[in-house]
Amino acid sequence: MGEVPVTRPTLRGRTCDDRGVEYPELAARTNGFTAGQPRAVSVSSDGARVIFLRSAGPEDTTDQLWVFDVGTATERLLGDPAALSANPYEGDVPAAERALRERLRLSASGIGSYATDPAGRIAAFALGGTLMVADLVTGEAAPHPTAGPVVDPRPDPTGRRVGYVSHGALHALDLISGEDALLAAEANNDDVTWGLAEFIGAEEFGRFRGYWWSPDGTTVLAARVDNSRVQRWHLHDPALPAEPPRAVAYPAAGTPNAEVTLHLLDLDGGWVDVHWDRETYPYLVSVSWSDVGGPLVTVLRRLQQHGLVLAVDPRTGETQVHAELADPRWVEPVSGSPCYLSDGRVLIGGELAHDGYDARCLFADGGLLTPASLYVRRVCGRLGPDLLVEATEGEPSEQHLYRVETRSAAATVEVHRLTSDPGWHVGHSGGETLAVGALSLDRSGTQWTVYSGGTEVGRLRSTAATPPYAPRPALERVTDRRLPTGVLYPTTHVAGRRLPVLVDIYGGPGHQEVVAARAHWLERQWWADAGFAVVVIDNRGTPGVAPSFEKVIHRRLADIILTDQVDALEALADKHSDLDLTRVAIRGWSFGGWLAALGVLRRPDIYRCAIAGAPVTDWTLYDTAYTERYLGWPGDAGDIYAHNSLLEAAAEPVLAHDDVRPILVIHGMVDDNVVSAHSMRLSAALLGAGRPHSMIPLTGATHMAAGGQAQRLLRLELDFLRHNL
């Protein structure tokens with residue numbers, strides 16, 4: 001469609017005269033200042049094209065498909081949902097697509113995701129259930145007729161066919177002949193789907209797909225998911241009394257999971273089952289299939305303390321154990337592994353925990369590829385024969401890109417850092433082309449720069465709004481555990497003025513809040529300018545430091561995490577004399593909501609009030625894989641579940657009125673991750689014990705509280721804190 005000229009978005013550079021009033025609405029309209037930023041970036045295998053999604057402007061949340069041609073350093077618009085109007089399923093986004101977006105935490109509209117062939121010649125995506133295919137070379141995009149509304153379309157490696165799922169059945173559409181082959185389906189059985197990830201696979205293991213093409217495009221490795229054994233829960237929005245409740249298959253801790261099996265499906269109708277001990281290893285964590293070897297799959301036991309990396313024979317479906325994974329706490333796979341290297345060795349991410357080492361590393365057939373000083377987070381691509389890796393070295397608030405050499409004859413580990421500026425970096429690569437997304441405290445948003453052969457070619461344009469703040473948190477590590485923390489003061493703060501403290505936390509496994517990226521501190525600057533010193537603490541259990549730092553919380557969530565939060569807060573007060581620890585509030589969402597409520601219930605001497613958003617209040621109501629990983633099997637855990645439950649603490653008799661602290665509970669009524677029953681039961685327990693609390697039910701809201709709801713809650717939350725501090 002030709003090169004698109006640069007246009008200046010209407011909100012770029014805008015400031016707010018009254019930041020305390022205008023920021024929440026501005027953040028709501030701009031989707032937290034992310035609308036207009038490039039996302040979902042990928043690079044063709046030859047490095048000729050960088051593909052990405054971006055909306056048209058700072059208040060436009062409808063994502064379009066774009067391509068950056070490396071040779072000419074120009075962008076082309078390939079897929080504009082507004083222009084692609086030939087849509088027989090318009091307005092009828094399949095339920096499976098909505099569920100996938102929820103698991104991916106996608107709040108934008110338009111093109112939610114896309115997939116390309118390895119060479120990056122074509123891209124396939126679903127638009128309102130219609131299959132769209134874009135030619136990335138010519139720039140043409142067009143709809144294709146299918147058997148029904150489409151979910152998760154994926155081109156085969158040859159670019160001739162596109163696989164897709166419709167009504168739980170797996171299809172392959174020939175783009176040349178138009179023939180639509182039904183690969184697998186189960187008629188009249190809504191409990192079974194083909195080619196989709198089950199809830200646990202997507203929500204807890206980050207496996208968002210359920211089928212994989214063979215390198216030659218003649219076979220599909222497909223997951224069959226049977227939810228018949230999974231209990232049914234019912235979600236209902238009370239604001240819509242005429243609507244019937246929606247049944248969801250939710251595997252709560254201690255209850256049956258979906259049964260997941262793998263099958264090799266030939267386009268000519270052939271069928272081979274993949275065999276492994278599924279009773280012992282029920283969790284399918286990852287799958288890869290490259291042109292170097294056959295499929296590699298990772299499977300885990302239910303409690304995730306032991307796993308296998310299996311090589312699959314694509315002719316017979318038989319599997320051979322390539323490696324065992326074991327940890328007495330839990331196995332934590334490294335994203336992007338396992339996979340075959342170009343010389344046939346198998347790359348596996350794991351932990352180095354002997355001879356005094358405490359590291360997350362990469363191994364190739366047992367040989368160490370990365371040094372123990374490097375905390376490997378993700379294998380994100382290839383640069384020629386080498387690996388592109390996202391990792392941290394020493395400072396957990398930063399992430400950098402590294403080129404890891406993979407020569408089997410190398411006598412020493414060869415790793416080269418590619419990013420030098422402080423901050424958080426992500427990367428994607430193909431051939432010798434590298435796309436680097438850089439976040440820092442010095443700029444807003446993610447700046448995407450494209451390099452070819454080590455030379456900068458250009459940048460992906462952003463049309464996002466410029467936020468009204470440029471926060472500069474004080475990042476430091478405190479206590480003998482060296483806990484990462486950040487403190488943010490009001491913009492006009494004068495030293496010596498004592499401030500109430502807002503502890504803004506998450507604190508749960510797999511997620512960091514103390515990050516050297518401005519986006520993580522924008523909303524917190526609004527809170528600070530409202531009159532608070534904002535404190536953020538990454539307790540033990542969060543990633544980025546060392547495996548032992550993360551896994552010490554095993555079966556000890558509440559005790560370890562709350563102790564770290566309190567100790568770090570007191571240590572910060574020793575260094576920051578303006579923190580008034582007689583006026584401390586705590587606020588969080590999801591796991592952070594649990595931690596916020598836990599704080600006022602267990603430590604009312606420290607925390608004066610709490611805001612608990614979508615809190616997990618009863619761990620027997622949360623899902624199998626997450627809960628059992630950290631707390632164990634409910635029947636074998638003794639009082640561990642009760643000890644970590646908010647309901648137990650909330651129901652304790654009030655012995656002294658001065659020890660009772662108010663809680664504001666917020667929850668989306670159609671949350672399918674942390675269901676609203678958590679907050680309803682918490683409210684009942686608090687009421688029964690005579691503990692003060694308020695509750696805001698969010699009608700129509702899921703776990704994300706998207707569409708500006710989260711930002712529009714800010715003023716109500718501020719009123720609650722001011723009243724109670």
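Mentor: Look at strand E23, residues 306-312. Seven bridges join E23 to E24, and the two run antiparallel. Keep in mind that this is a predicted model.

Trainee: Which residue stands opposite valine 309 in E24?
Mentor: Alanine 323 stands opposite valine 309.

Trainee: What order do the strands of that sheet come in?
Mentor: The order is E21-E22-E23-E24. Those four strands form an open sheet, and the pairing is antiparallel.

Trainee: Which strands stand at the edges?
Mentor: Strand E21 (283-288) and strand E24 (319-326). Each has a single partner strand, so one side of each is left without a neighbour in the sheet.

Trainee: By how many degrees are neighbouring strands turned against each other?
Mentor: On average by 20° in this sheet, direction ignored.

Trainee: Let's move to E8. Is strand E8 largely enclosed or open?
Mentor: Largely enclosed by the rest of the structure, because five of its six residues are buried. Strand E8 covers residues 130-135.

Trainee: How many bridges pair E7 with E8?
Mentor: Six, in the antiparallel sense. Strand E7 is residues 122-127.

Trainee: What sits between E7 and E8?
Mentor: Two residues, and the strands form a hairpin. Glycine 128 is in the turn, with a positive phi of about 60°.

Trainee: And how many bridges does E8 make with E9?
Mentor: Four, again in the antiparallel sense. Strand E9 is residues 141-144. The bridge partner of methionine 132 in E9 is proline 143.

Trainee: Which glycine takes a positive phi in the hairpin of E8 and E9?
Mentor: Glycine 139, with phi near 90°. That hairpin has five residues between the strands.

Trainee: New topic: charges. How many salt bridges are in the whole structure?
Mentor: A search finds 44. The general idea is simple. Side chains of opposite charge can pair when their charged atoms come close.

Trainee: Which residue meets arginine 329 in a salt bridge?
Mentor: Aspartate 327, at 3.0 Å from N to O. Aspartate 327 is buried, at 8% relative accessibility. Arginine 329 is partly exposed, with a relative accessible area of 24%.

Trainee: What about aspartate 605?
Mentor: The side chain of aspartate 605 meets that of arginine 603 in a salt bridge, 2.8 Å from N to O. Aspartate 605 is partly exposed at 49% relative accessibility. Arginine 603 is also partly exposed, at 27%.

Trainee: How far apart are aspartate 504 and arginine 524, N to O?
Mentor: 2.8 Å, in a salt bridge between their side chains. Aspartate 504 lies in strand E39 (residues 499-505) and arginine 524 in helix H4 (residues 522-529), so the pair ties together parts that are 20 residues apart in sequence.

Trainee: Are aspartate 504 and arginine 524 buried or exposed?
Mentor: Both are buried.

Trainee: Let's switch to glycine 423. Where is glycine 423 found?
Mentor: In the loop between strand E32 (415-417) and strand E33 (424-430). Glycine 423 counts as buried, at 0% relative accessibility.

Trainee: Which residues does glycine 423 touch?
Mentor: Not counting residues up to four places away in sequence, glycine 423 touches Glu398, Gln399, His400, Leu439, Ser440 and Ala516.

Trainee: Last topic: helix H11. How many residues does helix H11 have?
Mentor: 12, running 677-688. From first C-alpha to last, H11 reaches 16 Å, close to the 16 Å expected at 1.5 Å a residue.

Trainee: Which residues of H11 are buried?
Mentor: His678, Ser679, Leu682, Ser683, Ala685 and Leu686. They cover an arc of only 165° around the axis, which puts them on the same side of H11.

Trainee: Why would spaced-out residues point the same way?
Mentor: An α-helix has 3.6 residues a turn, so residues three or four places apart point the same way.

Trainee: And which residues are exposed on the other side of H11?
Mentor: Leu687 and Gly688.

Trainee: What covers the buried residues of H11?
Mentor: The cover includes helix H7 (591-602), helix H10 (646-650), strand E43 (663-668) and strand E44 (693-698). Also look just after H11, where glycine 690 takes a positive phi of about 75°.

Notes:
Residues are numbered from 1 along each chain as its sequence is written. This is a predicted model: local features need pLDDT of at least 70, side-chain atom pairs count only at pLDDT 80 or more; totals for chains, interfaces and linings use all residues. Side-chain values use heavy atoms; hydrogens and water are left out. Two strands pair if DSSP finds at least two bridges between them. Axes are lines fitted to C-alpha atoms, for helices over the stretch in contact, and angles run from 0 to 180 degrees between N-to-C directions. A salt bridge is a side-chain nitrogen of Lys or Arg within 4 Å of a carboxyl oxygen of Asp or Glu. Buried means under 20% relative accessible area, exposed over 50%, partly exposed in between (1.4 Å probe, protein chains only). Contact means heavy atoms within 4.5 Å. The expected span of a helix is 1.5 Å times one less than its number of residues. The arc is that of the directions from the helix axis to the C-beta atoms.
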